[in-house]
Amino acid sequence: MTTDSPPVDRRRWLALAVVMTASFMDLVDVTIVNIAMPSIQRDIDASFSALQWLSEGYALAFAIGLITGGRLGDIYGRKKVFLLGMGGFTLASMLCGVAADPQILVASRVLQGAMGALMVPQVLSIVHVTFPAHERGKVFGMFGAIMGLGAVSGPLLGALLTQWNLFGLEWRPIFLINVPVGIAGLLLGRHFITESKAPRALRLDLVGVALASAALLMLLYPLTQGREHGWPLWGFVSMAGSVPMLAAFIAYERYKTRKDGSPLVELSLFKVKSFAAGIGVQLTFGVASGIFFLVWTLYMQLGLGWSALRSGLTGIPFSLAISVAAGLSVQKLVPKYGRKVLQAGALVMAAGVLTYIWEAGHYGADIRSWQMALPLAVMGLGMGLIVAPITDAVLSEVPRAHAGSASGLINTTQQLGNAIGLGLVSVAFFGVVDDADPRREPPADIFGGAFTHAMWWVAGGLLAVFALMFLLPKRSKHHEEADTEAEGDLEPVAEETAVPDAAVPAQQAEKELLKR
């Protein structure tokens with residue numbers, strides 16, 4: 001027996017390395033593209049709307065497919081669906097890397113997002129069934145560290161690969177680097193990941209997926225493309241039509257609940273006031289984040305003429321501040337001050353945005369990277385105070401039986417908010433660029449003005465986030481129970497062990513680490 005245990009341990013850790021690598025690939029690909037967009041635009045003559053779709057298409061496909069991808073793993077086997085998603089993600093990365101025109105590149109990015117939605121939801125479930133309970137704390141600690149590294153390293157890796165221009169390929173290595181990594185992951189995963197299924201999996205809701213997809217596309221396609229076509233009537237008709245399509249989706253979800261109890265979205269969750277407010281927070285915060293990250297990159301590279309590497313290095317204070325504030329918020333601040341920490345985060349981030357607006361106007365085209373460090377660090381501190389504890393706050397009053405579905409919906413909503421924010425860049429940023437006269441204003445002034453205008457949108461979104469947070473519980477039940485136990489009034493309650501809902505994406509692992 002003892003001689004057999006080392007090989008078992010070795011296979012377990014190799015399986016962990018594979019799923020960690022997959023999650024790392026997904027996180028990096030979310031952030032790596034923005035920094036290379038100006039290079040992509042020059043190389044294949046991509047329009048501004050095509051640049052938006054590079055991020056928006058990925059986020060939209062990923063968000064729509066998350067819950068269904070998780071259920072496919074529960075039904076047909078998490079290893080099988082994980083490897084299918086990883087293989088598709090690798091293939092889509094190769095197609096992105098060899099794309100010769102913007103349409104093929106955007107289509108490949110949408111495929112990448114859809115395959116990520118198959119791959120990522122399996123990760124936490126595979127970890128759960130692969131490792132015994134006493135090892136999971138260590139596993140999630142490692143997992144969170146890798147995920148944090150992925151989120152921070154994406155822009156820097158994209159900047160380096162673009163700047164180096166390997167083999168004259170310019171931006172293409174940001175996608176092609178996934179190919180050898182993905183192939184290695186497929187070979188190792190096939191041998192070392194153990195297959196598992198849910199004992200009682202929910203059924204698929206493909207009609208719900210189709211209705212939700214149609215409603216979102218009817219809203220986002222004209223919002224993104226309308227500017228280039230002069231805002232035609234069909235665009236407004238389509239956006240208005242997304243409302244009855246959304247109503248049809250809700251009606252079908254109610255029918256699906258009565259029929260077999262397997263809706264795509266558990267509508268009863270919205271009867272919990274704090275959860276409904278939390279969904280609003282996640283959606284609005286995602287919109288503000290989607291606007292900021294795209295216009296920030298375009299401002300630095302197209303407006304100020306900075307290289308991809310300089311732009312990537314400029315963001316280091318932002319990333320470091322997020323890491324520091326995230327750790328402090330869940331370990332020290334939220335247990336003591338509760339909801340006030342999240343609200344302070346929204347106000348601090350808004351203060352950073354306002355500082356950035358002032359600096360962009362004051363220094364103009366002469367602004368330097370070190371001068372951006374202050375507003376970026378302040379914004380990072382504010383974001384860190386929000387992103388780490390927000391999920392726990394939103395789930396605080398959700399019944400335990402629905403915690404998995406609620407977690408998946410939270411992450412789906414944030415991705416949808418990001419996609420909507422990227423669509424709104426057409427109005428908030430490119431609309432100002434279109435109205436400017438390039439014969440009378442230099443690019444730095446045009447893009448600087450557009451950046452300032454878009455940042456006011458971000459500030460408004462953050463103030464809306466602050467207001468919505470008043471509907472969250474003042475303190476989560478988790479912290480209230482911990483305080484009661486610490487005072488000796490109750491015996492410690494044993495935590496229930498359950499396989500997490502497969503719809504919860506791997507990005508949640510970093511938050512789980514921080515909670516611990």
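The model is predicted, with local features needing pLDDT of at least 70, side-chain atom pairs counting only at pLDDT 80 or more, and totals for chains, interfaces and linings using all residues. Residues are numbered from 1 along each chain as its sequence is written, and side-chain values use heavy atoms, leaving out hydrogens and water.

**Exercise 1.** Work out how helices α2 and α9 are oriented to each other.

- Start with the ranges: α2 covers residues 48–76 and α9 covers residues 206–225 (helices are DSSP runs of H or I, at least four residues, numbered from the N terminus).
- Next, the geometry: they pack at an angle of about 165 degrees, with their axes 11 Å apart (axes are lines fitted to C-alpha atoms over the stretch in contact, and angles run from 0 to 180 degrees between N-to-C directions).
- So α2 and α9 are roughly antiparallel (angles over 145 degrees).
- Now the residues: the contact (heavy atoms within 4.5 Å) includes W53, L60 and I64 of α2 and L216, L220 and Y221 of α9.

**Exercise 2.** Is F447 buried or exposed, and what is F447 in contact with?

- At 9% relative accessibility, F447 is buried (under 20% relative accessible area, with a 1.4 Å probe and protein chains only; exposed is over 50%).
- Leaving aside neighbours within four places in sequence, F447 touches F48, L298, Y299, L302, G303, F429 and V433.
- For Y299, 148 residues apart from F447 along the chain, the C-alpha separation is 5.7 Å.

Technical notes:
Helix = DSSP H or I, 4+ residues; strand = E, 2+ residues; numbered from the N terminus. Parallel < 35°, antiparallel > 145°, perpendicular 65-115°, else oblique.
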